[in-house]
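Trainee: I have just opened this one and would like to be walked through it slowly. Could you take me along, a piece at a time?

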Amino acid sequence: MSPLKPNRRQILAGLAASVAIPALPQLARAQGSATLTVATGPVPVYLNAALSTGGGEAAVSGKMMDGLLTYGEGMSPEPQLAESWEVSEDGLTVTFKLRPGVMWHDGEPFTSEDVRFSVMEVLKVFHGRGRATFANVTEIETPDELTAVFKLTKPAPAMMSALNAQESPMLPAHVYVGTDIQQNPANLSPIGTGPYKFVSYAPGETLVMERNPDYWDEGKPLIDQLIFRYISDGSTRAAMLETGEADLVGSSQLPTIEILRFQSLDGFEVNGAGYEHTPSIHLCDFNLRRPQWQDKRVRQALNFAIDNKWVAENVWFGLASPGTGPLHVQQKAFYTTEGVPNYDIDLEKAEALLDEAGYPRGEDGWRFSMVIDAVQYGEEPPRAAEYMREQFREIGINAEARVNDFAAYVKRVYTDHDFDLTSYTASAGADPAIGVQRFYWSKNIKDGVPFSNGSGYASDEADALLEAAAVETDLEKRKQLYADFQAVAMEDVPVIQLVYDAKKTITSTNVKDYVQGALSFFGNFADVHKDA
Amino acid sequence: MSLTETSARRAPVARLALPPWARFLLGRLGQALLVMALVVIGNFVIMQMAPGDLVTVIAGGADMTQEQMADLRARFGLDLPLLVQFWNYVAQLLTFDLGYSYRMNAPVWEVLSARLPTTAALVVLSLLFSVTIGTVMGVVSARRAGTLTDMGINAVALVLYAAPSFVVAMLLVLVFSVKLGWFPIAGLTTVSAGYTGWALVKDMAAHLVMPVTALCTFYVAIYARLARSTMLEVMDQDYVRTARAKGLSETRVIYVHTLRNALLPIVTMAGLQVSTVLGGAVVVETVFGLPGMARTAYDAVFQRDTTMLLGVMFVSSLAIVIVNLAVDLLYTVLDPRVSLK
């Protein structure tokens, strides 16, 4: 997964991929594929993912802007704006050779100065995850227009998984330099180098893009007009797909029951490929600030009371897989169950652990009371909370389930710390150092910050393993560090992993080739085409 | 309050010798201003009571650090004391500025003025259709009281009354879009087609048929029941009997003498409908993905977009106050017994 390998210089040239433009899509284009309409959810604040990591931004930004790299299956880095790259032996210098002849949509040439500006002055400053991704980058040298040299204080293997257009888009320096970057009008009418050019945006309603005829990847894109329509209601998105008003719904933005229906409906395709870059997990945090959750036997007992397989099959209707540890099953390079404590459902063991921890059943049959706070983000977290309530009651815990709207939830958990156990959905990141570490790292216990270390878990052992893994450039050693971390995290269980999300793209069958390696919905749609 | 006191206190106005209708209008405008002031204060207080703010919502979808969140709060003015925030808001309103929505990244008025026509069209069309269809049903029902027609109309009205608008909306989508393919589901226009002129009007009309229907059904039932009972009541009045005794034709008796008086409660109801229909529009605009004001309110609630929500509430309160004023004026036209005081 990581392209960083020590003790030898390595040059990854990707010219072959860019030369071999297959003739087939050209043919499809000749058959006519005028407009592709996407019915989608959250409305973006900007149309530019460099300024916000929100889902709305992520979905559209990469269509208009390119990144240095893109990722193939298994998260293998592939050239986009960078044609080749080279990592020094010590991992402290990364040199990118840029693609020549690339033009911004306004006709200016793309140069290494744009790379320096985008990373140093935008991504490092304004991008939520960019601060961490590029934390070790102190300087970017631009010896010539087509060479960008990243200077690092410490190796940053995770950085190499975060250089795609959705995560780290390249911005035109000539448009942004000397302006208030967050207020620049280009944030709402982007000028990129990407396959689609911005046409118009009615805030919260419709975003229209058109084919960039001068795209560097000759012959692409294959769609003339790309339209994003913002629709608040999932059932409406489903109906639009069914009547052909929309061609594609990505990132499982339909009610689960509708996804199941489309799976068996003629003329539609439900595809789970291309979400490697954005794996998400449904988790439950224990509030370790409260005394009864400080004893790890109590936390383990609750984990033993939950049947993750049942949850995956009955709450998520099989559109998710049972959780076994802090890393997502799609983080294939590091995910493991070997040596990681498992919690297959065992109510007797759960009761025994609770007795042992000093919480015997009282005269009324209850050991203690608790509330499970679920976030109202889709149907599933509240349903999962209801399931857990019943399971915990089986082992003598008087549990209640409570549903909070998003803003109230964030305040309750991260600002007020007024909860026992929560149920929510969060990204595991393209790399564990970006997505997973934040939930366990003691330095990420931050009041008021959503999806930081909400449980308040602080373990020297876990901290040390996470910090070592974040800068380890040897893939095998890094894998071992994450394996050890997974074992520690599951022994302590400050966080219960319910299920791993398996996101789906739902299209009508005439929509083809929207999956590009590790990216589909969040990719650039340069290859997508519609059969007549 | 005695008459003398009133005229003494209103002396300056009386000296201007304003005609009664102007004095009435001035008085009602004063009331309207007071109502709007209360609405503004009430809205602001309610907004502040909801847990969580815009920044927590934005940050929740976009991993942020404490510093970035603090920066945002400062940028949006959310870190200021409440009274200062309130004063800034009022000061903005006084210059007819509804503020800037950081969630939509656009001035509130820009968003609302683009969306107001959709909601207005929805409200006006549904008002028009529900009053007309409902009243006709009610009048027919009243004239044929006790017959099969009457019972049939009553049964239909009962079903329409009982069906919630979201159920009606979903059923319409299922039958007329998914199964029959007659009407488009979402939005106000076919974005990709780029229609202009007459084609655009037709396209918009096709997009509005189902939403207006979904919004109408409940009120059609209300007007039908209301028209039927008031018609029956008025038909028993002495002046109707007099009209009949004069030998006027039945049609004239019904439509001139009876209906005109029976319209009063319908006008009252129509005034109320304007205020309640906005609630129904939230559902309808959401289901049909219409770019309207009501759906903007719905989205703003979940995104804690306070400025946007305050803007929606201000504009809709204003609309309701104006409609109420219009209803009062319409009363005097319909019924000479109601005078301007």
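Mentor: Let us begin with a term: helices (H or I, at least four residues) and strands (E, at least two) are DSSP runs, numbered from the N terminus. Gly62(A), for instance, lies in helix H3 of chain A, which covers residues 55-64. Before going on, note that this is a predicted model, in which local features need pLDDT of at least 70 and side-chain atom pairs count only at pLDDT 80 or more, while totals for chains, interfaces and linings use all residues. Side-chain values use heavy atoms, with hydrogens and water left out, residues are numbered from 1 along each chain as its sequence is written, and chains are lettered from A and ligands numbered from 1 in the order in which they are written.

Trainee: OK, so is Gly62(A) buried or exposed?

Mentor: Gly62(A) counts as buried because its relative accessibility is 1%, where buried means under 20% relative accessible area, exposed over 50%, and partly exposed in between (1.4 Å probe, protein chains only).

Trainee: And what is Gly62(A) in contact with?

Mentor: Contact means heavy atoms within 4.5 Å, and once neighbours within four places in sequence are left aside, Gly62(A) is in contact with Ala165(A), Pro195(A), Gly523(A) and Asn524(A). As for Ser235(A), which is 173 residues from Gly62(A) along the chain, the C-alpha atoms of the two are separated by 26 Å.

Trainee: Switching to helix packing, at what angle do H7(A) and H8(A) pack?

Mentor: Helix H7 (residues 234-243) and helix H8 (residues 256-263), both of chain A, pack at an angle of about 20 degrees, and their axes are 10 Å apart. That makes H7(A) roughly parallel to H8(A). Axes here are lines fitted to C-alpha atoms, for helices over the stretch in contact, and angles run from 0 to 180 degrees between N-to-C directions. Angles under 35 degrees count as roughly parallel, over 145 as roughly antiparallel, 65 to 115 as roughly perpendicular and the rest as oblique.

Trainee: Which residues meet there?

Mentor: From H7(A), Ala238(A), Leu241(A) and Glu242(A) meet Glu258(A), Arg261(A) and Phe262(A) of H8(A). The residues of this contact between H7(A) and H8(A) divide into three nonpolar, no polar and three charged. In that sorting, Ala, Val, Leu, Ile, Met, Phe, Trp, Tyr, Cys and Pro count as nonpolar, Asp, Glu, Lys and Arg as charged, and the others, Gly among them, as polar.

Trainee: How does H7(A) pack with H9(B)?

Mentor: H7(A) and helix H9 of chain B (residues 165-179) pack at an angle of about 20 degrees, with axes 9 Å apart, and they are therefore roughly parallel to each other. Ala239(A), Glu242(A) and Thr243(A) of H7(A) meet Val173(B), Ser177(B) and Val178(B) of H9(B). By class, this contact of H7(A) with H9(B) has three nonpolar, two polar and one charged residues.

Trainee: What about chain B overall, how many helices and strands?

Mentor: Chain B has 14 helices and two strands, and 42% of its 341 residues count as buried. Its C-alpha atoms fill a box of roughly 85 × 70 × 40 Å, taken along the principal axes.

Trainee: Where is Thr296(B), and what does Thr296(B) touch?

Mentor: Thr296(B) lies in helix H13 (residues 293-302) of chain B, and counts as buried at 3% relative accessibility. Not counting residues up to four places away in sequence, Thr296(B) touches Val111(B), Leu112(B), Arg115(B), Met308(B) and Val312(B).

Trainee: And Ser141(B), buried or exposed?

Mentor: Ser141(B) has a relative accessibility of 1% and so counts as buried, and its place is in helix H7 (residues 108-143) of chain B. Leaving aside neighbours within four places in sequence, Ser141(B) is in contact with Asp150(B), Ile153(B), Asn154(B) and Arg228(B).

Trainee: Back to chain A, what is the phi of Ser251(A)?

Mentor: Phi of Ser251(A) is near 50 degrees, a positive value in a residue other than glycine. Ser251(A) lies in the loop between strand E12 (248-249) and H8 of chain A, and counts as buried at 12% relative accessibility.

Trainee: Which way is the peptide bond from Lys220(A) to Pro221(A), cis or trans?

Mentor: The bond from Lys220(A) to Pro221(A) is cis, with omega near 0 degrees, and Pro221(A) is found in the loop between strands E10 (206-211) and E11 (225-230) of chain A.
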